Amino acid sequence: MAHSARSDEKAAPPRLRPPVGLGRAQLRNMGIYLALMLALFLAGPVAYPNQFFFFYLMDFLILTLGLNFIYGFTGYLPFGYTVFWGLGAYGIYIGLQLGLHGALAFIFAIAISTALAAVLLPLFRLRSHYFAIATLAALMAVYYLVESSALERWTNGDKGASLAGRIPYDPMLTYYITLAILLISLVLTFYVKYSRFGLALRAIRGSVLSAEMDGINITITRGLAWLLSALIASLAGAMYGWYVMFYYPDIFNVTYSVYVITYLIFGGAGTVLGPIVGTLILSSLYQFLDVYYTSYVNLTFGVILILLMLFMSKGLMGVLYRYLRRLPP
Amino acid sequence: MGYATLLYYALAVGVLEGLYFAFMALGLNIVFGVVRMINVAHGDLVMLGAYVAFMLFVDFRVNALYTFVLLFPVFFGLGIAIYYILVPRLEKSSDPEINSFIAFFGLSLFIESAATIAFGVSPTSLPASATVRGARSLAGYGVPNVLMVGAAASVVILALIFYYLEFTGLGRAARALMQNKEQAMALGVNVRLATLFAFALGFALAGMAGVFEPYVFGYIYPSYGGFLTVLAFTVVIIGALGNPLSSIIGGLVFGVVYQILSVYIPSLAYAISFLLLLVIIVVKPGGVLGGAQREV
């Protein structure tokens with residue numbers, strides 16, 4: 001570099017611009033993805049009249065896209081990620097118990113879930129697997145708090161939370177709101193991936209130290225990605241709670257987190273197409289197994305996780321990259 | 001019987017169970033120290049050990065104390081097999097720390113659901129007649145003899161591990177690897193062999209700990225493994241990560257604190273335990289007794 005600069009001193013140095021901003025190609029891709037999602041989730045339930053299947057698929061797509069912000073782009077793996085999802089659902093019940101009505105209960109749910117993410121911000125001082133296990137501890141702490149008989153007045157303990165008769169049950173409306181949240185998450189993913197902000201996140205993923213040397217405010221950048229990630233999960237959780245109307249503290253089971261992580265890694269973390277393809281394939285597989293071979297669900301996912309880590313840690317997009325020899329979308 | 005006698009009882013049982021917790025967490029700490037991987041399937045191995053003891057007792061009337069000895073070679077062999085399947089490849093991967101965490105989680109899911117298919121979901125427990133019957137009276141409360149046998153077995157195992165780490169070549173190699181892998185390699189430590197042995201030993205200890213699990217926790221079911229892993233991790237981190245013998249202190253502290261919590265505020269004992277773990281990780285990631293492990 002230094003040598004070539006000396007050889008032709010008169011030529012103006014090339015202006016290095018970071019690859020930011022949504023160009024025409026990215027906007028076109030985004031349009032295609034949005035159209036495909038719309039087509040799938042509007043036409044899907046007509047072709048295969050099982051709305052819950054498609055709702056579940058959307059809800060987990062949102063979760064995988066949410067996790068992508070913090071694991072895919074920033075490089076931190078929160079193993080207890082679905083604590084925000086669970087709290088998004090339980091928060092509605094807790095809000096109702098506190099005397100909030102309708103939309104206020106939803107706002108309360110999303111607020112406490114995102115607030116939990118803010119409380120957990122100090123976890124970012126930890127190295128990768130400490131961060132993973134610390135978020136897992138947070139998930140289990142919340143699980144046992146919700147399940148505990150001491151807080152039964154607000155959570156109904158292990159008897160489960162029922163929203164029936166307290167908020168209007170409207171699966172159609174929930175379905176379309178969830179679809180809207182999915183589309184917004186997708187637009188956000190595109191925006192973040194091709195923005196300065198996303199570039200900063202990827203710099204942090206590469207090396208926290210050199211990112212800091214480049215003048216990136218680590219605390220704020222990383223914190224924003226984390227809060228965004230948690231906010232998306234709590235929205236998905238609130239919609240899940242509204243759609244199913246009744247749930248147990250089991251919603252804080254770590255396996256949900258593991259599923260989301262598997263979907264993301266299987267597709268390819270840090271890409272846009274990866275989380276979508278990963279979730280569409282594996283969440284469909286999950287729902288199929290869950291209906292017909294329930295006891296083989298975790299057996300299958302355990303094997304998938306091990307094989308992914310041994311042979312395909314960059315996921316389907318990594319394979320595609322090796323095959324196409326260019327960066328996947 | 002006032003609160004004071006209850007406190008004595010909680011302290012005594014806390015110490016007995018604490019010794020067991022130390023033993024149960026030992027394998028996790030050895031594997032972490034030497035291989036630098038968190039064996040997330042640790043608790044599932046404990047669960048498997050408990051089921052082996054249960055099946056052998058129910059089907060063949062084998063005293064669980066014999067099973068305890070038998071489990072060592074069985075789980076040691078299992079550890080060797082898993083080592084060759086997982087570890088060398090994970091060590092070469094782009095991010096060994098987090099990739100191994102995920103892969104071992106996969107192993108945990110696999111063991112858990114294979115156990116569910118084999119044994120069903122309902123909790124079982126090991127009757128006292130599988131080991132030693134009877135109970136001793138302590139401050140007016142009954143303490144089962146088997147709990148004391150479990151604590152004694154834990155002390156024996158802890159002593160043996162102390163011997164291994166201090167006086168055997170493989171153990172010293174393991175300690176060298178825990179302190180500084182590059183230096184150990186430069187000094188000619190047989191890294192492969194020492195790592196393999198420590199890894200398999202971690203598995204064997206987990207399996208053996210399973211025999212007393214049903215007595216300490218009251219029951220066992222296949223999906224209990226995840227909880228046991230986090231509990232073992234709590235014990236490890238109250239001590240120091242990568243320093244196996246500090247788990248003794250971790251086990252005793254956790255045992256006593258947990259007993260006192262479950263005597264006075266039983267409904268929040270678990271929640272508080274995990275909050276405690278969370279706080280310790282944030283404040284001292286290397287463990288309460290460990291050095292600094294933090295990064296930016």
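Before the residues, a term: a cavity here is a set of grid points where a 1.4 Å probe fits but cannot get out, and a residue lines the cavity if one of its atoms is within 4 Å of a point. Please keep in mind that this is a predicted model.

With that rule, there are two cavities of 30 Å³ or more.

Now the largest cavity, which holds about 40 Å³ of space. Which residues line the largest cavity? They are L16(B), E17(B), Y20(B), V146(B), L147(B), G150(B), A151(B), F212(B), Y215(B) and V216(B). The elements of chain B giving two or more residues to this lining are α1 (3–35), α5 (145–167) and α9 (213–217). Of these, α5(B) gives the most, with four residues. The lining of the largest cavity divides into eight nonpolar residues, one polar and one charged.

Next, the contact between the chains. Chain A puts 48 residues into it and chain B puts in 41 residues. Together the two chains bury about 4200 Å², and 76% of that is on carbon and sulfur atoms. On chain A, R125(A), H129(A) and Y130(A) supply 16% of the area that this chain buries against chain B, more than any other three residues.

Which elements of chain A give two or more residues to the side that touches chain B? The list is α6 (128–147), α10 (208–213), α12 (254–267) and α14 (297–311). The most comes from α6(A), with 13 residues. Sorted by class, the residues on this side of chain A are 34 nonpolar, nine polar and five charged.

How many salt bridges and polar contacts are there between chain A and chain B? The count of salt bridges between them is zero. For polar contacts, the count is four residue pairs, with both residues at pLDDT 80 or more.

Last, salt bridges elsewhere. As background, side chains of opposite charge can pair when their charged atoms come close. Over all chains, a search of the whole structure finds four salt bridges. One of them joins the side chains of K181(B) and E91(B), at 3.9 Å from N to O. K181(B) is in helix α7 (residues 181–186) of chain B and E91(B) is in helix α3 (residues 64–91) of chain B, so this pair ties together parts that lie 90 residues apart in sequence.

That is where I will stop.

Definitions and conventions:
Residues numbered from 1 in each chain as written. Chains lettered and ligands numbered in written order. Predicted model: local features only at pLDDT ≥ 70, side-chain atom pairs only at ≥ 80, totals over all residues. Heavy atoms only, no water. Contact = heavy atoms within 4.5 Å. Buried area = accessible area lost by both parts, 1.4 Å probe. Polar contact = N/O pair within 3.5 Å; in protein donor to acceptor, adjacent residues only side chain to side chain. Nonpolar A, V, L, I, M, F, W, Y, C, P; charged D, E, K, R; others polar. 1 Å grid on protein atoms, 1.4 Å probe; cavity = no way out; pocket = protein on both sides within 12 Å on 5 of 7 lines; lining within 4 Å. Points joined across faces, edges and corners; volume = space filled by probe spheres on them.
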